[in-house]
Amino acid sequence: MKEQYAVFIERFQKRLHEIFHSEHNINNLSLERGLPDEVWRGIMEQNPLSVAIPDQFGGRGANVRECLGILSAASYESLSLSLTFGINIALFLEPLAKYGHADIQQGIFDRFLKERAMGGLMITEPDFGSDALNMRTSYVESEAGFKLEGQKHWQGLTGMADFWIVAARKKNQAGDLARDVEFFVTDNSKAEQHIPVEEYFNNLGLYMIPYGLNKIDLNVPHTHKLQQYSTGIKMMLDILHRSRMQFPGMGMGFIQRMLDDSLAHCLKRKVGAQSLYHIDSVQYQLSRIQTAYTLCSGMCAWSSSVSGIEFDLATEGLEANAMKALVTDLMQESAQIAVQLSGSSGYKLDHVAGRGIVDSRPFQIFEGSNEMLYTQIAEIVVKQMKKAKESHIGTFLAGFEQTKRVLDRFKKHFDISLSATNLVQRQLVVFGKAIARLVCLQYVDHMVSKGFRTDLFEQAAKHVEMDVKALLSDFIDFNDAAPIVEYQEKSDWASFI
């Protein structure tokens with residue numbers, strides 16, 4: 001009989017705390033790359049990745065709520081550990097459960113459940129990051145299976161994962177590559193499928209996770225190709241959108257840790273006769289982290305009901321991008337505030353907040369840089385406005401499914417009409433940021449209708465309104481400054497003394 005989730009997650013949280021605070025010191029462990037084998041054993045003995053494996057294969061059911069719970073519990077202690085789980089869950093186990101060939105699923109899932117295996121996803125290449133559709137890694141089909149060749153880099157768990165899902169494009173007889181992208185499962189324990197590491201990178205943060213450059217020159221059987229329902233590109237969008245919708249799980253525990261530690265420090269730290277907490281600007285900063293906690297809570301609740309593998313998320317770019325971009329911005333802001341409130345003691349790699357700045361920073365870059373995602377959000381909304389033949393932003397958002405519950409209190413700020421001229425990208429970015437905040441505040445509003453604290457919602461709404469006003473000011477009266485490439489001529493300050 002499957003263990004009750006409440007018991008499972010409590011046991012996992014308790015064991016993590018023991019490992020990182022009694023048996024070892026997480027702050028000291030975080031100074032070195034990787035983790036000692038005995039630490040990994042202690043963590044993986046709890047079978048945390050079982051949450052992403054369907055019931056029929058012996059797992060806990062691939063329930064999104066449980067997946068986000070594991071990610072949150074891990075990120076409260078270590079963002080690197082949470083990302084390790086996130087890579088395994090969203091970029092390997094869920095795609096395998098949804099698209100994997102029946103002949104290989106049970107064997108691979110058994111390795112995860114019984115041998116503590118790990119898996120990841122290879123898309124990014126040295127010359128193709130966000131431009132993934134132009135990747136050069138290719139495959140050729142034969143009677144025996146598929147031959148893959150190319151290079152991949154910056155994959156989390158490089159040289160550590162036992163399995164990979166590798167993206168490649170079909171090469172025809174003329175040597176040209178097809179437009180569509182296909183995905184293949186590889187097993188590093190088999191010589192013909194092994195992916196060697198050509199170079200390990202000195203990543204700035206996330207020391208627990210190895211990154212590097214991988215050489216792809218391997219052969220896999222026909223059963224190792226993921227079985228898409230339509231095109232490979234739509235399958236890739238479904239996988240990436242599901243992953244982005246589960247970022248809030250990694251953000252949740254991390255933001256709560258920044259909040260808990262900052263509150264405790266400010267209540268304890270004395271400045272003269274009073275605690276740091278009683279300083280007005282400190283209360284403002286603490287309320288910013290608390291708003292991040294509230295918005296992330298809403299994202300987790302909403303994601304739990306809409307991002308399971310039973311759903312096709314290929315067309316859900318607006319909500320997926322809103323969650324990923326906003327929660328990662330909130331993670332970075334929360335870490336910055338926590339360090340500021342901690343003073344000099346926070347400016348250390350062996351301090352959870354200081355470490356949090358460098359560890360949370362890449363979250364704003366990988367799986368789609370936030371500027372790109374905010375641009376896409378704005379483009380989706382503008383496209384739908386044109387389709388509806390509505391030029392007034394406030395009127396459109398009042399009837400837009402993702403914003404209509406909360407738009408009323410922001411209506412005066414969105415009293416803006418789109419001009420006939422195209423928006424420049426810097427306008428699209430700030431517009432996308434404003435839309436993302438409304439979308440995610442609406443997730444919290446859904447929770448309020450089920451009993452979530454109204455004081456937390458009202459506090460978050462104040463901060464969202466403040467942000468939206470500033471963003472829309474930049475949207476309306478945008479700065480068109482551009483860099484001057486040959487700036488060094490007549491610009492040396494010493495010449496003007």
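## Salt bridges, strands and one histidine

Arg11 comes out as partly exposed, at 32% relative accessibility; the label covers the range between buried (under 20% relative accessible area) and exposed (over 50%), using a 1.4 Å probe and protein chains only. Keep in mind that this is a predicted model: local features need pLDDT of at least 70, side-chain atom pairs count only at pLDDT 80 or more, and totals for chains, interfaces and linings use all residues. Residues are numbered from 1 along each chain as its sequence is written, and side-chain values use heavy atoms, with hydrogens and water left out.

**Salt bridges**

- There are 22 salt bridges in the count, where the rule asks for a side-chain nitrogen of Lys or Arg within 4 Å of a carboxyl oxygen of Asp or Glu.
- As background, side chains of opposite charge can pair when their charged atoms come close.
- Arg11 has Glu3 as a salt-bridge partner, at 2.7 Å from N to O. Glu3 is partly exposed too, with a relative accessible area of 29%.
- Glu77 and Arg257 make another salt bridge, with 3.9 Å between the closest N and O atoms. Glu77 sits in helix H4 (residues 64–77) and Arg257 in helix H8 (residues 247–268), so this pair ties together parts that are 180 residues apart in sequence.
- Here the two partners are tucked away: Arg257 is buried at 12% relative accessible area, and Glu77 is buried at 8%.
- Arg437 and Asp467 also join in a salt bridge, 3.2 Å from N to O. That one connects distant parts of the chain, with Arg437 in helix H14 (residues 425–448) and Asp467 in helix H15 (residues 454–476), 30 residues apart.
- Both Arg437 and Asp467 are buried, and they belong to a salt-bridge network that also takes in Arg288 and Glu333.

**The annotated middle domain**

- An unreviewed UniProt entry annotates residues 121–209 as "domain: Acyl-CoA oxidase/dehydrogenase middle". UniProt positions follow the numbering used here, feature names are shortened, and annotations may be inferred rather than shown by experiment.
- In the model, that span is 36% strand and 0% helix, and its end C-alpha atoms lie 14 Å apart.

**Strand pairing**

- Strands S2 (residues 138–141) and S3 (residues 146–153) run antiparallel, paired over 4 bridges; pairing takes at least two DSSP bridges between two strands.
- Across that pairing, Glu141 faces Phe146 in S3.
- S2 and S3 make a hairpin with 4 residues between them, and Gly145 in the turn has a positive phi of about 150°.
- S2 also pairs with strand S4 (residues 163–170), this time in the parallel sense over 2 bridges. Tyr139 is opposite Lys170 in S4.
- S4 pairs with S1 as well, parallel and over 4 bridges. Gly120 has Trp164 in S4 as its bridge partner.
- Strand S1 (residues 119–122) is covered on both faces, with Gly119 and Leu121 buried on one side and Gly120 and Met122 buried on the other.

**His241**

- His241 belongs to helix H7 (residues 232–245) and is buried, with a relative accessible area of 5%.
- Setting aside neighbours within four places in sequence, His241 is in contact with Leu313, Ala314, Thr315, Glu316, Gly317 and Ala320, contact being heavy atoms within 4.5 Å.
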